[in-house]
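The entries below follow the order in which I looked things up.

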Amino acid sequence: MNRVKINRLKDKLFLTAGVFSTFIGLVLLTIFIGNILIEGLPRLSWKFLINLPSRLPEKAGIYTALMGSIWVLFLTAIIAFPIGIAAGVYLEEYAKKGWLSKVFEVNISNLAGVPSIIYGLLGLEIFARVMHMGSSVLAGSLTLALLILPIIIVATRESIKAVPQSLRDASYALGASKWQTIYNQVVPASFGGILTGVILALSRAIGEAAPLIVVGALAYVPFAPSTPMDEFSVLPIQIFNWISRPQHGFITNAAAAIVILLVLTFAMNGIAIYMRNRWQKKVAW
Amino acid sequence: MLMNDINIHMIEEKTKNIENFTVVKNEGDLDHKIVTKKVNVFYDNFQALKNISMQIQPFSVTALIGPSGCGKSTYLRIFNRMNDYIEGYRLEGDVIIDGEDINSEKIILEKLRKDVGMVFQKPNPFPKSIFDNVAYGLKIQGVKDKSFLHERVVSSLKQVVLWDEVKDDLKKNALALSGGQQQRLCIARTLAVEPNIILMDEPTSALDPISTGKIEELIFELKNEYTIIIVTHNMQQAGRVSDRTAFFYLGELIEEGATKDIFINPQNERTENYITGRFG
């Protein structure tokens, strides 16, 4: 065989391997989602969304957990968003590039990979105990905010890096100060990317159970939280709790709750993609 | 009566010419707009400019020519201190604009950059509307008066002969304009903050010949009101638009003088080789 034929063969081999690998992922995901939908969809109803928890599977609803998730998500967002962006802007635009900033950079990337339960332990000690917040929505949100901060910081830095230097030059050359340049040019130009990072980070936060369990979120709360200091549950914990029950009715409930959680996650990812496209169109170089 | 008038007119013309003549003759005595004295620039250990002393006259166009990497852009960016952002940058010597050392502690950088505008190699409009692009420089100074902003935007766009092309959609995104229009917009944006010096770093190198021609005409117009320094790789352009030309080579100022002299009768062999295209 000559070289060309060997190369063609390699091409084909790789193509086959690639298609096969892709299908493994897709098929498994389809089976999983299909399974959940078959099990859970019939159970879905308005009542399921607004009912309080109950020991009877047919009467139980996800209202408290859903409200808990929304509370936590909302608080996490307003805590992590400004801090993450500010840190990212500082590291990219102000911090002197030297060994110290390299240390920061490596460590922030490392933090993004720390298991979430470790954040739970941190949150339990600092927020719940030392700061006396107890097992409140606020303590949980602060913990999740810590968890997603590295992701937001990394996303912010990457988006800011992508802003061309020529844009900064133009602003400086007109007599803008550093802050004016960042506020008027750099951040708006990178905002699509930043927002995408934030939303993807939040969609990770909405699926977390482990750190919240450690902080002390409950599997059973009789009422939805009405202040940040109330006790709470979230959807993943509710699902985890239902799955561990013996009655089959609760398994069905868990499947239905998973559908809701998936819808929330997909919706957030959808928003992220939409925003990215929108901003990219607006800021095309 | 009529004859007298004409006579007087002729005499006036003559005196004017004589005045012009004396101006040219006493060139050296004119107040210089910009003076650099023994300027050395380093990027870490690399010396980018070596002992540059040069004067630039008001209301003139000075072309900086030389092969790539010879330091002409570095020299240009000294005047609005855009090099300050480059890691390892260090400057020795004096850069004096209107009698003030621009590297002294007293200088407010934002004010300096308002007085010394800059146009870049690649058109770099902000990803905003045409109006916002031109108004940006004023807005960051805190100007809020809508009618004043509008007036200045219109007059700046008229100055760069872009007004007729864009007057109907000032709200349009500047990135939708053609390359040549974008560059004229960038010049308008610079003019809007009323500088008195304009630095141009190869302003036409990314443009087609027609757009280039328009920009050159514009430079010719602008020198009546502004002092212009332009970096160019295009010898014909230097010849067409500039009054004086400075030839840089490997960080040194080899020769500086009236453009005509530099092109017709260069004193230095390297200058001659460069402008005749033997290297560079």
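Which residue in β2(B) does Tyr43(B) stand opposite? I found Phe46(B) there. Before going further I note that this is a predicted model, in which local features need pLDDT of at least 70 and side-chain atom pairs count only at pLDDT 80 or more, while totals for chains, interfaces and linings use all residues. Residues are numbered from 1 along each chain as its sequence is written, and chains are lettered from A and ligands numbered from 1 in the order in which they are written.

I traced strand β1 (residues 34-43) of chain B to strand β2 (residues 46-56) of chain B and found them antiparallel, joined by 7 bridges; strands here are DSSP runs of E with at least two residues, helices are runs of H or I with at least four, and both are numbered from the N terminus. Two strands count as paired if DSSP finds at least two bridges between them. The hairpin has 2 residues between its strands, and Asp44(B) takes a positive phi near 50 degrees.

Entry on the sheet. I then looked up an open sheet of 6 strands in chain B, whose order is β6-β7-β8-β3-β9-β10 with mixed pairing. Its edge strands are β6 and β10 (252-258) of chain B, each of which pairs on one side only. Neighbouring strands are turned by 15 degrees against each other on average, direction ignored, with axes being lines fitted to C-alpha atoms (for helices over the stretch in contact) and angles running from 0 to 180 degrees between N-to-C directions.

β7(B) in turn runs parallel to β8(B) through 5 bridges, and here Ile197(B) has Thr227(B) as its bridge partner. Strand β3 (residues 61-65) of chain B also pairs with β8(B) in the parallel sense, over 4 bridges, and Val61(B) stands opposite Ile228(B).

Entry on β8(B). I asked why strand β8 (residues 227-231) of chain B is described as largely enclosed by the rest of the structure. The reason is that 5 of its 5 residues are buried, where buried means that 20 or more other C-beta atoms lie within 10 Å of a residue's own, exposed means 12 or fewer, and partly exposed is in between, with C-beta atoms placed from the backbone. Both faces are covered, with Thr227(B), Ile229(B) and Val231(B) on one side and Ile228(B) and Ile230(B) on the other. For chain B as a whole, buried residues make up 41% of the 280 residues.

Entry on the chain contact. I looked up where chain B touches chain A, and found 18 residues of chain B in contact with 16 residues of chain A, a contact being two C-beta atoms, placed from the backbone, within 7 Å. The elements of chain B giving two or more residues to this side are α3 (109-115), β6 (116-119) and α4 (130-139), and the largest share, 3 residues, comes from α3(B).

Entry on the domains of chain A. Chain A is divided into domain 1 (3-43) and domain 2 (47-282), with bounds taken from an automatic or database domain assignment. Their C-alpha centres lie 30 Å apart, and the contact takes 6 residues from domain 1 and 7 residues from domain 2.
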